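Hi everyone, thanks for making time.

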Amino acid sequence: MDYNVTVIPGDGIGPEIVREARKVMDKVGQVYGHRFDYTEILMGGCSIDAYGVPLTEEALETARKSDAVLLGAIGGNVGNSRWYDVAPNLRPEAGLLAIRKGLGLFANIRPAYLYNELAEACPLKKEIIGDGFDMVIMRELTGGLYFGERHTEEVDGVMTAVDTLTYNENEIRRIAIKGFDIAMKRRKKVTSVDKANVLDSSRLWRKVVEEVAKDYPEVELSHMLVDNCAMQLVMNPGQFDVILTENMFGDILSDEASMITGSIGMLSSASMNESKFGLYEPSHGSAPDIAGQDIANPIATILSAAMLLRYSFDLDKEADAVEAAVQAVLTEGWRTADIMTEGCKKVGTKEMGDLIAAHIN
Ligand code: IPM
Ligand code: MG
């Protein structure tokens, strides 16, 4: 089959890691007889440099017309980059929010699991790690605080900023359905995370999630308050299968979950709409300090490409092959600098991509 993939190299290490993911996809194409046509668009700082905005309408339209989107990373150093000397809606991150909203990508799937080979990098004690952990954070991505009405004004001589947090039942229902669907393919456990002891939006969240749960009698549902969840993640991460939560809680908890794997350079993510369309990106950022040095870890982006093959194109066996290739390369002891330990063999970004591509045959 032929597929059209929009590629967003982005900023910082984005272009280097995306290049390796394309290399791996092309190898998949060769071996399994598919053709991937790529169209590159600009987003983030590079788009600001070229057009003065982090995402143009044309770029968004290109993405909308394609079959799936592969993204590297966007943004620069907030402290010392001209990209941040402008209004918030013109900064690199605004491009990311705009593409999520513009393509209706309300479901953000972020897996966090411990690789046996990398267990030493896990910052948790051995007795807490136990048999390891393997969870997915299902984060609502186009509602809540990040998309609510906001403004800053002077009220009675005092500067006052307002952000609003709104969820309607439909927004909650559709993400809950995605959460339960993915739980059905895993260990059938959903932990819905909210702040129902304080927030109205959380109380509605809980009510709607319970309604959806009735359609999934095989799935075990529990509720957890977000502050407790932050604690449980470092106390007993093995208890989680699917964490289902709203936008801001998911933003924070997914960083925490990725950190405890000890290898954020390995974690992929998918952002999907109601159908099979999605945007796939590594969970890490653009790491401007190491850009262009051929030392960044391309594995999270390569695994994001595997998610793309699986979720948007239904190419399960091809996705399995990519994941198995990553596993094989790790087992052979190849490491980029961020996951390097004694006795392993250190390679750069390109070589890591070559090794993984070579294992697909
Ligand atoms: C993420 C990022 C973004 C978010 C920022 C850059 C707007 O932190 O993808 O988690 O909060 O969604
Ligand atoms: Mg985040």
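**Strands first, then helices**

Let's begin with one pair of residues: Ala112 has Met135 in β5 as its bridge partner. Please keep in mind as we go that this is a predicted model.

How many of the residues of β4 are buried? Six of its seven are, so to speak, under cover: β4 is mostly covered.

Now follow Ala270 across to β12, where its bridge partner is Tyr280. Strand β11, residues 268-272, and strand β12, residues 278-282, pair in the antiparallel sense over five bridges.

Let's zoom out to the whole sheet. It is an open sheet of ten strands with mixed pairing, and if you read across it the order is β2-β1-β3-β12-β11-β4-β5-β10-β8-β9. Which strands sit at the edges? Those are β2 (35-40) and β9 (220-225), each of which pairs on one side only. Ignoring direction, neighbouring strands of this sheet are turned by 25° against each other on average.

Next, what packs on this sheet? One helix that does is α6, residues 169-184, which touches β4 (107-113), β5 (134-140), β8 (189-194), β9, β10 (242-245) and β11. The direction of α6 makes about 165° with that of β5. Then there is helix α8, residues 226-235, which lies across β5, β8, β9 and β10.

Last stop: a pair of helices. The axes of α1 (residues 14-32) and α12 (residues 349-358) come within 9 Å of each other and cross at roughly 15°. Angles under 35 degrees count as roughly parallel, and therefore α1 and α12 are roughly parallel to each other. The crossing of α1 past α12 is right-handed.

Which residues meet there? From α1 we have Glu16, Glu20, Lys23, Val24 and Lys27, and from α12 they meet Thr349, Lys350, Gly353, Asp354, Ile356, Ala357 and Ala358. Sorted by class, this contact of α1 with α12 has six charged, four nonpolar and two polar residues.

That's my tour, and I'm happy to go back to any part of it.

Terms used. Residues numbered from 1 in each chain as written. Chains lettered and ligands numbered in written order. Predicted model: local features only at pLDDT ≥ 70, side-chain atom pairs only at ≥ 80, totals over all residues. Heavy atoms only, no water. Pairing = 2+ DSSP bridges. Helix = DSSP H or I, 4+ residues; strand = E, 2+ residues; numbered from the N terminus. Axes fitted to C-alpha atoms, helices over the stretch in contact; angles between N-to-C directions. Contact = heavy atoms within 4.5 Å. Parallel < 35°, antiparallel > 145°, perpendicular 65-115°, else oblique. Left-handed = near helix turned anticlockwise from the far one by under 90°. Nonpolar A, V, L, I, M, F, W, Y, C, P; charged D, E, K, R; others polar. Buried < 20%, exposed > 50% of the residue type's maximum accessible area, 1.4 Å probe, protein only.
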